[in-house]
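Please open the structure in your viewer and keep the selection panel at hand.

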Amino acid sequence: MAEQEYETLSPTVKKILDELFSVLNAADEIDKQSLNNLNELLQTGKIPTFDEIENALFPPLIGDKL
Amino acid sequence: MIRIKTIHIEEFRGIRDLTLDLSGNNFGICGSNGTGKSGVVDAIEFCLTGNITRLSGQGQGELSVKVHGPHVDQCSNPDKAKVTIYATVPSLGKEVTIIRSVKSPRAVTIEPADPKLKSIIEELQSHPEFALSRREIAKYIVTPPSQRSADVQTLLRLDNIGDIRKALLSYANKCKRDMEESERARVRAENELKTALNISTLDRTQVLEKANAQRVTLGLAELSELTPKTSFKEGVTSESEDAKKPIVTKDVALRDLTALSTAIKSDISDEMKEHINSANRSLNQMKDDEKALSLARSHGLITTGIALITDDSCPLCDRPWDAKELREYLNAKLLSAKEIGTLLQKLGKSIAVIVADLQSRSTSIRKATTYAAKLEPPILHAHLDAYIQTLDNTLTALKAFEDDHAKIEGAISVLDTKWWEVPDYAQAQLNDLLKAVTALPDASGKDKAIEFLAVLQDRYGRLLAETKNAKSMTTRNAIAQNVYEKYNLVSNSVLEGIYDAVAKEFTDFYKAMNDDEGMFVGLLKAETAKLSFNVDFYGRGVFPPGAYHSEGHQDGMGLCLYLALMKHTLGDKFTFAVLDDVLMSVDTGHRREVCRLLKTKFPNTQFILTTHDRIWLQYMKTEGLIHNGQFFGGWNIDTGPRIWDDIDIWTEMQQALDKDDVPRAAALLRRYLEYISAVLADNLRAQVEYRGDASYDLGDLLPPTLNRWKDRLKKGIKSAEHWGHTETKTLLELKLSEADALIKKSSVEQWAINKSVHFNEWENFTVSEFKEVSEAYKALLDHIRCSNAKCGGYPYLTPRKGSSEQLRCSCGTINLNLKDK
């Protein structure tokens, strides 16, 4: 499934995302897990909504779900 | 991408029943105008995408694929109009059959039903730029920069870069607003704490002093430090606290109400007035443009409209218009993105100040209503509630505009109201409340102390919570801005890199096509929502291509830009392209270069080329660009294109000899040798006697061309000797000796002295005599051309002017150094 989603992403967009997350990871200013979540979200090729970005960058803690 | 092996067309456009065998190779289709060439292009496009651009493009509103796709006799039987393509998919190493009927243009049959094959066909369907007509070249060259930006971004599949940017910007903007909101809430909490403490600046020592003064009254130990865990009420027993808990803490309530009263009486500050006026001006300035802007943003209507102004009348209703005036009018309706950005930034600042004031007023009035409700008897506060509602509506309208700028009317209407003026009835209720609170009995010292510490604890707790939230919102905003800014930086850098790479590739292609070693350069420059394209004009500066370059050059540029974009977009996947009459206006001097460009730079791309010029097709063959082609010798409505088999010249000669028709075979050989001698004379820069009428016969061309061939071989031998390349020298000596033998056998050198072997006499030869001649020439030509079966091209000298340095073919198999040490 993931492979199929990657295929919908143009090579240029994929290049931009790869470079973006490389820069963000190197800067070490944002939590790695949050960056991974956001990367995964953007790599789907779908344009993310506000809530999707929020959940990726600030995933709810276990306590938030209780 | 795919490579087409065969295409079968039934009852489609002007074609009744036609099968073309491309064998997965480059393929040329040649025929006069109206012979059905473009019908084949339409069929390929239709089969792969379900669409026919010629029926659905600009100005084709009354045409449709379903109605006008079938042959005119089958208009009511769209099921009979069908195209079948049998192709290979190099990336998957698979073969596929694609069938589409005009009856259901959106439905395609793909056999075998493999998801990966389906995905490849869907990719073609969503990006049908594999087919390019001469008309479509214009969209890369002479369209407005805004339209070019859209077209190029679509071709490069960059459309969702902008969508992701918008999503991240929208998220960052909301985080910024949330941060500002949380900071305002923190400031309000701080102000309330200061009001309760009756101090003007929040200071740890002062807070402790005020708290300790009350604690001393209660006989409690003084607090030594202020921390988030500090309990001002520590030691106060819950019984005494409950017993003494007042309905309203008189002192604090009086301070709150007095502060509110002062704020109301002092009207609004000059600074606030300026923010309100500024916001009003900005909103009204935007109002008219916003109408156009929202349309442009949502539907691209105005942008599309501007691009549509190509003729002197409306393409929809044909009503005449002044194109220049209309274009200027529409452009004036659009505020540039930069101006809008500045305006929104200014407006955002003013709205933030106004919102902060509104929230402060709303909170104070709300607190007053809480006091009013708690008093015994309660004070009526319906008018205060109504005032709160007015303030909240104002806030909602301003926030709604911030979230969606289309909601500009609501923002303008609330800013027109004087929300800071408290309505008379509400003011009367505030006065009643103040009187009632003032009339409350004074508590005892101890009771006052307990009440004070309770309020202090409550407001201190709130300030801590709001501070924590504001910090969290600040961190969140920093992350959101960081992601957005870095996305912008990275995407701009990648796009600039792409445009630079494409421009460089374009320049290289164009220089190769025009045999230009000079300073020609093409520049692609991305600006906001625009992509400008400028090219050098003879070193006199860079200009848009349409400014000075001829139509032929513009066509060449269009092709080069298209090829550069496709190469960049698809890379190894660029295995298939249809160029429909694209090369029409390339002049004869550049045809070979175009063929070489396509052949050498895109060896893995299958080109299907249409032309109405038979000589062009011959050039494609001579240069080895195509091996097979199809002539369309005419067309009629009942049978469709009349096909002429494109057979090999030597086979055609043999067929004539088989019928004992030596004169026809002789004419074919002579005509072919005249053509090929001209090509070789040009390739080898032979010294041919000049004729003003450019009427050269075989005797004028072939002897000097063959002499030049031998001379270049000798030059190669000399050069190899100079460089000490013994093996090359030996090979070239053998080649020269072979050339001598073959030329001797062809009797060219005897033409001047022996009339009986002159080409004029060929038609009088017997079949066996002529056969000997034709075989000699075939051997001679095979000796000159590249031995690589995939190339088979004739060698040429480079550079084309000045001292020749290299003799080479387009695949590089022939690569002879002619330079001395």
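This is a predicted model: local features need pLDDT of at least 70, side-chain atom pairs count only at pLDDT 80 or more; totals for chains, interfaces and linings use all residues.

Begin by selecting A:Glu54 and B:Arg476, whose side chains form a salt bridge at 3.1 Å from N to O. The term salt bridge denotes a side-chain nitrogen of Lys or Arg within 4 Å of a carboxyl oxygen of Asp or Glu. Between chain B and chain A, the count is two salt bridges.

Residues are numbered from 1 along each chain as its sequence is written, chains are lettered from A in the order in which they are written, and side-chain values use heavy atoms, with hydrogens and water left out.

Next, display the whole interface. Chain B contributes 23 residues to the contact and chain A contributes 27 residues, where contact means heavy atoms within 4.5 Å. The two chains bury about 2,400 Å² between them, 76% of it on carbon and sulfur atoms; buried area is the accessible area (1.4 Å probe) that two parts lose on being put together, summed over both.

Now select helix H7 (159-197) and helix H18 (445-513) of chain B, the elements that give two or more residues to the side of chain B that touches chain A. Helices here are DSSP runs (H or I, at least four residues), numbered from the N terminus. With ten residues, H18(B) gives the most to that side.

Move on to the cavities: the whole structure holds two of 30 Å³ or more. A cavity is a set of points on a 1 Å grid over the protein atoms alone where a 1.4 Å probe fits but cannot get out, and lining residues have an atom within 4 Å of a point. Which residues line the second largest cavity? Select B:Leu257, B:Leu260, B:Ser261, B:Ile264, B:Gln427, B:Leu430, B:Asn431 and B:Leu434 to show its lining. The space in this second largest cavity is about 70 Å³, a volume being the space filled by probe spheres set on the points, which are joined across faces, edges and corners. Helix H10 (250-265) and helix H17 (424-438) of chain B are the elements that give two or more residues to this lining.

Finally, select A:Lys14 and A:Asp18, whose side chains meet in a salt bridge (3.2 Å, N to O). These residues are separated by about one helical turn because they are four residues apart in helix H2 (residues 11-27) of chain A.

How values were computed
On a 1 Å grid over the protein atoms alone, a cavity is a set of points where a 1.4 Å probe fits but cannot get out, and a pocket is an open set with protein on both sides within 12 Å along at least five of seven lines; lining residues have an atom within 4 Å of a point.
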